[in-house]
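Here are a few exercises to work through with the model open on your screen. Try each one before you read its solution.

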Amino acid sequence: MEYKELINIIKNKEAKVAVVGLGYVGLPMAAIVASRGYFTTGVDINPDIVNKVNNKKSPINEPGLEEIVYKTVEAGKLKATVEASEIRNSNVVLIIVQTPVDENKEPRLEALMSAAKAVAENLSEGTLVVVESTIPPGTTRNEILPVLESSGLKAGKDFFLANSPERAIPTKTLEEIQINSRVVGGIDERSAELAGVFYENITSGDVYKDAVEVVEVVKLIENTFRDVNIALANDVALLCEAIGIDAIKAINLANKHPRVNFHMPGAGVGGHCIPKDPYFLIKEAEKHGVNLSVIKAARERNSDMPFHVLETLESALKKQGKDIKKSKVAVLGIAYKGNVDDVRETPAEPIIKTLMKSGVDVFSHDPYVSQDFGGKFSNEIKTVIKNADALVIVTDHDEYKKLNFEDLRLLMKDKAIILDGRRILNPEDIKRLGFTYCGIGC
Ligand SMILES: NC(=O)c1ccc[n+]([C@@H]2O[C@H](COP(=O)([O-])OP(=O)(O)OC[C@H]3O[C@@H](n4cnc5c(N)ncnc54)[C@H](O)[C@@H]3O)[C@@H](O)[C@H]2O)c1
């Protein structure tokens with residue numbers, strides 16, 4: 001297919017779209033693309049996900065996702081398959097698979113490269129391929145392009161290649177895909193132009209085009225900005241705890257300044273973005289002999305926060321003459337973030353595992369997740385907190401903001417400790433009920 005014809009069918013929504021990877025980002029994207037009128041095929045190696053989608057169900061908890069999946073599958077606009085061969089009929093292919101780091105914080109691009117290989121094996125002439133996964137600098141041109149060219153087709157001539165990282169936030173993924181501005185990088189001008197035309201049909205936000213190398217870095221510095229800002233807030237929290245003032249009060253007042261925008265401190269940073277994306281920059285910089293000391297320090301501060309929670313808990317128990325090893329601790333929240341079911345890099349993991357290792361009787365609860373990391377898990381809060389010496393809030397689920405602590409007090413031990421790892425409670429209210437309150441930053 002000629003470039004001009006491809007532009008026209010993308011513009012007119014006559015193009016067929018394949019979305020490779022139907023996870024937390026891929027499935028919402030596939031459903032939105034389908035809802036715009038494009039015939040969309042979602043390809044995933046996980047048959048459970050494929051079956052759920054074809055049965056008009058969402059495999060993940062994301063507001064509005066099940067409805068849009070239901071509607072688009074019902075309308076015949078969206079289908080899912082495990083067969084990569086179905087990519088061959090597509091004019092636009094989006095690759096949205098996971099891009100984690102390993103225990104040494106090195107990028108693991110196996111899923112990405114195997115997805116690229118599957119696309120190469122089924123690539124038709126005149127296709128636009130867009131990588132939406134978050135990737136280390138240079139990956140599109142240096143890693144993906146050669147794999148796609150193993151098809152015998154030439155990039156920029158026989159097919160087009162771009163990168164447009166997803167910037168939506170879980171719990172608002174559907175909304176943000178449709179309104180956020182989009183950055184689009186092409187390996188050449190025509191690739192960027194085609195991808196730009198496609199995303200103009202997806203989002204009402206602005207679409208900015210630049211070189212693929214620039215766009216790859218944009219996504220990484222966005223998440224790194226957030227990580228460093230959270231680390232700064234965590235530093236402030238530690239200082240305020242030491243000098244006996246409330247960090248949240250100080251931060252809220254500092255944020256009244258027109259050029260100050262602190263993030264909030266907390267029990268730790270999780271998810272499949274912020275804890276790993278800065279390492280894509282750190283590791284790339286190391287290859288060039290550059291030490292990103294600020295970004296590294298921020299990562300360290302944020303990954304230490306679950307251990308700070310544990311230290312705070314131990315010292316609060318000690319003040320009451322209790323040995324942490326003989327205590328019952330209730331952990332509220334397994335997911336890494338409020339109102340999601342994603343447990344990747346959740347601070348709950350080191351908290352629960354470390355408590356378990358010390359022989360603590362750990363009970364845990366989460367309204368969205370049905371697993372934990374070795375504690376006694378229940379979906380029933382009352383079971384979890386019964387006779388507990390301490391309750392640790394790790395996740396800011398809405399359900400926890402509405403807890404009636406007057407009722408909970410009757411079930412927990414006398415003067416039980418409430419450790420608010422997300423600062424969702426009013427310290428004075430909790431203290432007034434007779435609890436011992438500790439919060440990050442106060
Ligand atoms: N989760 C987020 O909030 C978020 C936000 C913005 C960007 N991102 C980025 O988006 C990308 C995807 O993240 P995610 O959270 O959706 O990951 P995910 O793990 O939820 O989903 C990835 C999906 O890809 C599938 N997959 C893996 N290899 C495949 C292959 N070869 N062929 C077909 N399917 C394959 C997996 O089975 C899985 O369903 C990552 O690069 C991430 O950094 C994530």
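Buried means under 20% relative accessible area, exposed means over 50%, and partly exposed is in between (1.4 Å probe, protein chains only). Helices (H or I, at least four residues) and strands (E, at least two) are DSSP runs, numbered from the N terminus. The model is predicted: local features need pLDDT of at least 70, side-chain atom pairs count only at pLDDT 80 or more, and totals for chains, interfaces and linings use all residues. Residues are numbered from 1 along each chain as its sequence is written, and side-chain values use heavy atoms, leaving out hydrogens and water.

**Exercise 1.** Work out how many residues of strand β7 (residues 182-186) are buried.

Start with the side chains: Arg-182, Val-184 and Gly-186 point one way, Val-183 and Gly-185 the other, and all are buried. That gives 5 of the 5 residues, so β7 is largely enclosed by the rest of the structure.

**Exercise 2.** Find the strands that pair with β7, counting a pair if DSSP finds at least two bridges.

First take β6 (residues 159-163): it pairs with β7 in the antiparallel sense over 2 bridges, and Asn-163 stands opposite Gly-185. Next, β8 (residues 207-211) runs parallel to β7, with 5 bridges joining them. Val-207 in β8 is the bridge partner of Arg-182.

Key
Pairing = 2+ DSSP bridges.
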